[in-house]
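Please read this briefing alongside the sequence and the coordinates. It is arranged by topic, with the cut-offs given where each term comes up.

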Amino acid sequence: MNKNVLIAGVVIVVVLVAGFLLLKGANKPAEMATNTTVENNSTATGSASESSSSAMAGEVKAFSVVGSSFKFEPAVLKVKKGDTVKITFKNSGGTHNFVIDELGVSTKVLKAGAEEVLEFKADKAGSFEYYCSVGNHRQMGMKGMLEVQ
Ligand SMILES: [Cu+2]
């Protein structure tokens with residue numbers, strides 16, 4: 001009789017432990033799934049343009065281009081056709097902008113210290129000159145080349 005009670009006790013403990021582990025195991029993936037959903041939602045609402053571009057073929061290529069009197073750094077940017085090009089143009093001194101005629105891209109004319117982000121799709125191959133359209137800056141050498149391969 002004592003032996004039976006002992007066995008019954010062990011069985012109950014085993015069942016409780018197994019049940020606890022099962023519950024723990026079942027809860028964890030559910031928590032993770034909830035977190036993933038929340039992250040996805042925040043990404044989607046955070047930037048509609050970013051999520052739509054990443055859904056298309058091609059990568060997002062991000063560059064930081066610094067403009068000063070009278071040059072761009074870097075003066076050459078290379079991407080692949082189909083890439084989404086994201087350029088953060090920073091004006092480190094003077095009054096400048098960033099223009100690519102062939103792609104219909106341009107920033108506003110920025111004061112020293114200001115910056116503007118451009119985002120566009122490189123949907124045709126070729127070499128496209130970017131330049132500053134303020135005054136005679138382009139003639140002074142304030143230009144560079146976006147190469148789409
Ligand atoms: Cu300029």
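This is a predicted model: local features need pLDDT of at least 70, side-chain atom pairs count only at pLDDT 80 or more; totals for chains, interfaces and linings use all residues.

Residues are numbered from 1 along each chain as its sequence is written.

**Confidence**
- The protein chain averages a pLDDT of 78, and 62% of its residues score at least 70, pLDDT being the predictor's confidence in each residue, from 0 to 100.
- Over residues 26–55 pLDDT stays under 50, and for this stretch the model has six contacts beyond four places in sequence, where a contact requires two C-beta atoms, placed from the backbone, to lie within 7 Å.

**Overall make-up**
- The protein chain holds two helices and nine strands, assigned as DSSP runs numbered from the N terminus (helices are H or I, at least four residues; strands are E, at least two).
- Read from the N terminus, the order of the elements is α-α-β-β-β-β-β-β-β-β-β.
- Of the 149 residues in the protein chain, 17% are buried, with a residue called buried if 20 or more other C-beta atoms lie within 10 Å of its own, exposed if 12 or fewer, and partly exposed in between, C-beta atoms being placed from the backbone.
- Among contacts between residues at least 6 apart in sequence, 62% join residues at least 24 apart.

**The open sheet**
- Four strands make up an open sheet of mixed pairing, in the order S2-S1-S4-S7, two strands being paired if DSSP finds at least two bridges between them.
- Its edge strands are S2 (71–73) and S7 (115–121), each of which pairs on one side only.
- Strand S1 (residues 60–68) pairs with S2 in the antiparallel sense over three bridges, and Lys71 in S2 is the bridge partner of Ser68.

**The nonpolar core**
- The largest nonpolar core has 14 residues, of which Val65, Phe98, Tyr130 and Tyr131 touch the most other members; such a core is a set of buried Ala, Val, Leu, Ile, Met, Phe, Trp, Tyr and Cys residues joined through C-beta atoms within 7 Å.
- Strands S4 (84–91), S8 (126–131) and S9 (143–148) are the elements that give two or more residues to this core, and S4 supplies the largest share, three residues.

**Two individual residues**
- Tyr131, leaving aside neighbours within four places in sequence, is in contact with Val99, Arg138, Met142 and Lys143.
- Lys121 is found in strand S7 and is partly exposed, because 15 other C-beta atoms lie within 10 Å.
- Lys121 and Val60 are 61 residues apart in sequence, yet 9.0 Å apart in space, C-alpha to C-alpha.
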